Amino acid sequence: MPAARQWYELMPVKRTDKTPMPQRDATDRAQDFDEVNEGYCFAHAMFEAERCLRCQDPVCMEGCPVRIPISEFVHAIAAGDLPRAASILRTANPLPAICGRVCPQESQCELKCHMAKRFGPVAVGHLERFVADWERSQPLGESPPPPWQSARIAVVGSGPAGLVCAGQLARQGYPVTVYEALHAPGGVLRYGIPEFRLPNAILDWEIDALKRLGVEFINNVIIGKTIALDDLFDRHGFSAVFIGTGAGLPKFLGIPGENLNGVYSANEFLTRINLMQAFQFPEADTPLKVGKRVAVIGSGNTAMDAVRSARRMGAEQALVVYRRSEAEMTARVEEYHHAIEEGVKFHWLTNPVEVIGDDDGWVTGLKSLRMELGEPDESGRARPVPIEGSEFVFPVDNVVLSIGTTPNPLLAKTTPGLATHSWGGLVVDEQKGETSRRRVYAGGDAVTGAATVILAAGAGKSAAEAIHQDLSAGL
Amino acid sequence: MYKILAREDFSDVTFLLEVHYPMLAKAAKPGQFVIVMVHADGERIPLTIADFSVERGTITLVVQAVGKTTREMQQTCKVGTALYAVVGPMGMPSHVGERKKVACVGGGLGVAPVYPQARAFKQRGAYVIGIIGFRNKDLIFWEDKFASVCDELIICTDDGSAGIKGLVTDGIAKAIEVHPDIEEVIAIGPPVMMKFCADATRPHDIKTMVSLNPIMVDGTGMCGGCRVSVGGEMKFCCVDGPDFDGHQVDFDELMSRLARFKGEEREALERWTRNENCRLMGEEPHPSG
């Protein structure tokens, strides 16, 4: 009698390949802002978790900036123990539903996976998302006790660093107040990442969970303008402050024509859509004018978000223009593939040199040069060199600049003694995350410059530990 | 929060709101602005802080009902109601330097934001010449308030129904003629007015500060929508401004950029007006708007 087959051997997929993420049809999804990925079902997750080799030395964890015990939570899924998987995950990473969706797994945990050497890696990101989504579908437990510590903490900025820092401190019993400059909390998770990648409902759930822990959110307050940082200590009675103000200042190229009508920073383009819901205009009041042809300059995740949003806003031709080659692209590979499926055209080794406009000040084209790769530059990447006489013009109605952001100088400029690097990042003690000001800590993009959600979350978490230790030790 | 404590209508398009937000009132300085949302689906619109009172915990905003959002504010912002969001104070405060003689020029709605600057100059001992311009007599507001902080007040109306017949630039010419020793002009009003004020003072080499009002979203330097060219450099009005040297500002670019959502603005206003008419008639707003 042949040996009984395991259930997963009946699955219509090869065990060598990563279980594909169910996703919406590209033509349909490019019409709206609903989420593209539909998420694993329980069978997908069990099947995928079974692919894990259970290595003696789980190197996947080394690839994770916050060192989630990945193999442990994957094994818990394989054993069908989702509550345990959820608890392992959430202890290590307070924002699993978000990171499972937006982390660049292919250059972190999944890059290290032994399976990846010959086959597809274990889909750690998809599994993380599955567990977090399952957790969200469960009834809420008993309300946690109200804060019991006497020292109050202020968190400046409600992006990933601030949310995680607030959550970790609240779990230690501290009363935490989070100040947000915009009218809704979430920072870049709200204004930057579009809903087709990260639905607002997930962000809202995480924020509600923090509120249940006793965290207070105050919107429409700019620390450094409405309240001076020193007044948080002197007048408002906080014992420590965490700064997680991100890197929100858009860079421009400095090429002619950038102020023409129809040129947006990716920040403006995405904020109008995500925070202000311009895709619902005129039901929502904020407009965004998107023409038939849109060129996005840059190759990061923000560029992918912008170009895919342009498609959804009605652009028939959406292109990405980047001066380096595909190999130097910094976006998550999944977003790149999704963009291609949605009809986005990529123009590598193409350097924009001028935005061209008509007499009324509206964009009509993007003048560019073809490039070729030369010797490596200071970043170690091959330096793109212009090909002489290769100048040409993309006829476009809009140009969206997505060439990076820098930390917002607003708080540092208004706070005496808060030291910054020449490029704008806050100077912190690497161990604790403490700034040049006593009891003022910082983390996330405000310190590192534009990076990832998971790194910001990690920084928020370690700063929370440092704050707890310093306050307990009476330092 | 953001409760409206007082309202005064200056004309059928211009009105004043006194909004309760003690923390902001304490932080506000002349020349700064706030961003306001009327409701959750509303736009974020920048409005200059025309006045503030730490004692009352309020800021004063003067609004001209020209577009959908401001028309809606005119309709819904009654005493006792509250705005959905108010945030600020944004921008750099106006620099009120040591001056012996200044002219403070306000055109239309611009009279409100230039008032706290005129008062600040007066308090610092300067001789203040006020020049305020309106289309006609009926639109004049804050004449007395302005007069109380000015040593001289010149009123200009387009049709001559009050004061001198002419634009504020005629007022400026007249003031310079009498007072060639004016050290600084502060001009606030529609962009085209500020452009011509800068042109009027340029030959006399009188420093002219203007307060710009470009389209913005967040107001904290994040979107870059409010970028303006000043002396050939890109500046963000929300964090670098709103006050700039009028002789350096590229007003033509500013005016072009202000018109970039003209079509959408018209569509929103027409849709709102149609729905408003339906509501007045006691009918359900048409689903298509």
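How many residues of chain B are in contact with chain A, and how many residues of chain A do they meet? In this predicted model, 49 residues of chain B are in contact with 43 residues of chain A, and the area buried between the two chains is about 3,700 Å², with carbon and sulfur atoms giving 56% of that area. The points below take up the interface, the nonpolar cores and the backbone in turn.

**Interface between chain B and chain A**

- Of the area that chain B buries against chain A, 17% is supplied by B:Met222, B:Arg227 and B:Arg260, which is more than any other three residues supply.
- The count of salt bridges between chain B and chain A is 4, and in one salt bridge the side chains of B:Glu264 and A:Lys289 meet at 3.6 Å, taken from N to O.
- Across this interface, 20 residue pairs are found in polar contact, with both residues of each pair at pLDDT 80 or more.
- Several elements of chain B each supply at least two residues of the side that touches chain A, among them helix H1 (22-27), helix H2 (68-76), strand S13 (227-230) and helix H9 (262-280), while S6(B) gives the most to that side, with 6 residues.
- Sorted by class, the side of chain B that touches chain A has 23 nonpolar, 12 polar and 14 charged residues.

**Nonpolar cores**

- The largest nonpolar core has 71 residues, and those that touch the most other members are A:Ile70, A:Phe73, A:Ile77, A:Ile98, A:Leu127, A:Val176 and A:Ile467.
- Helix H17 of chain A, residues 453-472, contributes the largest share of this core, namely 9 residues.
- Leaving aside residues up to four places away in sequence, A:Phe73 touches A:Ile68, A:Ala85, A:Ile88, A:Leu89, A:Val124, A:Leu127, A:Glu128 and A:Val131.
- Another core, of 53 residues, lies apart from the largest one and includes A:Ile222, B:Ile182, B:Cys197 and B:Val230.

**Backbone geometry**

- B:Gly88 and B:Pro89 are joined by a cis peptide bond with an omega of about -5°, and B:Pro89 is found in strand S6 of chain B.
- A cis peptide bond with an omega of about 10° joins B:Gly241 and B:Pro242, of which B:Pro242 is found in the loop between helix H7 (237-240) and strand S15 (243-245) of chain B.
- A:Arg54, although not a glycine, has a positive phi of about 55°; A:Arg54 is found in the loop between helix H2 (42-50) and helix H3 (70-78) of chain A, and is partly exposed, with a relative accessible area of 44%.
- A:Arg67, also not a glycine, has a positive phi of about 50°; A:Arg67 has its place in the loop between H2 and H3 of chain A and is partly exposed, with a relative accessible area of 47%.

Key:
Residues are numbered from 1 along each chain as its sequence is written. Chains are lettered from A and ligands numbered from 1 in the order in which they are written. This is a predicted model: local features need pLDDT of at least 70, side-chain atom pairs count only at pLDDT 80 or more; totals for chains, interfaces and linings use all residues. Side-chain values use heavy atoms; hydrogens and water are left out. Contact means heavy atoms within 4.5 Å. Buried area is the accessible area (1.4 Å probe) that two parts lose on being put together, summed over both. A polar contact is a pair of N or O atoms within 3.5 Å; within protein, one must be able to donate a hydrogen and the other to accept it, and residues adjacent in sequence count only if both atoms are side-chain atoms. Helices (H or I, at least four residues) and strands (E, at least two) are DSSP runs, numbered from the N terminus. Ala, Val, Leu, Ile, Met, Phe, Trp, Tyr, Cys and Pro count as nonpolar, Asp, Glu, Lys and Arg as charged, and the others, Gly among them, as polar. A nonpolar core is a set of buried Ala, Val, Leu, Ile, Met, Phe, Trp, Tyr and Cys residues joined through side-chain atoms within 4.5 Å. Buried means under 20% relative accessible area, exposed over 50%, partly exposed in between (1.4 Å probe, protein chains only).
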